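Me: I would like to go through some of the terms used for this model and ask what each one rests on. Please set the values against the cut-offs wherever a cut-off decides the matter.

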Amino acid sequence: FHQFDAMDRLNLPNPEHCRAYQVSDLTKDMPFGPGDFHSIFEYRAYRFYLAASAVYRLEHPDIFEFFEYCGVAYFALAAKACRLDFTTAHLAIRLHGALELIDRQQPGHIHAMDRYLMYGLEHQALRLAETVLTPSQGFFEKAYQPLYERWNGDLVVSRPALVDQFQPVQKKPDREIILFYGRLHGIKGVDLFVDAALLYLKDPENPARRFYLVGYDSQRPPVESGSYQAYLLPKIPVP
């Protein structure tokens, strides 16, 4: 956070228009602790609400954009629905990857009450959101529509805001490299990427290609506990 606020932010165009706040700073006087809630997820969602409320009073933004992960927007949206806060702000949620969807990709199930409470926060936050932003219609239809109740807000296809802001380092792409960039996790399609690479390399008539996987290890392979990298390596034949 301090790296971004003191250095990276200053390299942005018009950095004076970008102000950063830390949840822990905005909620340091919070009168409740984790033990006052049914689960750690409820506690964190309430902290997000208090922090967002503080930013609302300080900056008077037109829109708040939350993520759906762990249902952190729930208390803020409940306050808006009850007309207790955010009266002039629009509250939206951007779909990224609900923890319930991620957990469904794992072998077996996590039977813990706080987990199910968190899934409920995710569901209800999405139902209360005034707008839900999805990267594509297909992503919504395949990942969310089969598992979620109908949402009350508008569903809007919205590409990430910075998708056109970065320029390639080299003008001519290296066609010999095929890159997987993301967390090593089943829901990201890393197994499919490795299987496709092996199938491609089996055909001697295919042009030579190098396949790279770049991303941190989720430590949640589809078998027993361990690193995802250790799970993937035996699939790859040693030349």
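Reply: A residue counts as buried when its relative accessible area is under 20%. The model is a predicted one, and in it Thr131 and Leu133 on one side of strand E3 (residues 131-134), as well as Val132 and Thr134 on the other, are buried.

Me: What makes both faces of strand E3 count as covered?

Reply: In a regular strand the side chains alternate between the two faces of the sheet. Thr131 and Leu133 lie on one side of E3 and Val132 and Thr134 on the other, and all of them are buried, so both faces are covered.

Me: How do you know that E3 pairs with strand E2 (residues 90-94) and with strand E4 (residues 154-157)?

Reply: Pairing requires at least two bridges between the strands. E2 and E3 have 3 bridges in the parallel sense, and therefore count as paired, with leucine 133 in E3 as the bridge partner of arginine 94. E3 and E4 have 4 bridges, again in the parallel sense, and therefore count as paired too; here valine 157 in E4 is the bridge partner of threonine 134. From E3 the chain crosses through helix H7 (residues 137-144) to E4, in a right-handed β-α-β crossover.

Me: Why is helix H3 (residues 40-59) called oblique to helix H4 (residues 74-81)?

Reply: Their axes come within 7 Å and cross at roughly 55°. Roughly parallel would need an angle under 35 degrees and roughly perpendicular one of 65 to 115, so H3 is oblique to H4. In this contact, Glu42, Ala45, Tyr46 and Tyr49 of H3 meet Phe75, Ala76 and Ala79 of H4, a set that divides into 6 nonpolar, no polar and 1 charged.

Key. Residues numbered from 1 in each chain as written. Predicted model: local features only at pLDDT ≥ 70, side-chain atom pairs only at ≥ 80, totals over all residues. Heavy atoms only, no water. Axes fitted to C-alpha atoms, helices over the stretch in contact; angles between N-to-C directions. Helix = DSSP H or I, 4+ residues; strand = E, 2+ residues; numbered from the N terminus. Parallel < 35°, antiparallel > 145°, perpendicular 65-115°, else oblique. Contact = heavy atoms within 4.5 Å. Nonpolar A, V, L, I, M, F, W, Y, C, P; charged D, E, K, R; others polar. Buried < 20%, exposed > 50% of the residue type's maximum accessible area, 1.4 Å probe, protein only. Right-handed = clockwise from strand over helix to strand, strands pointing away.
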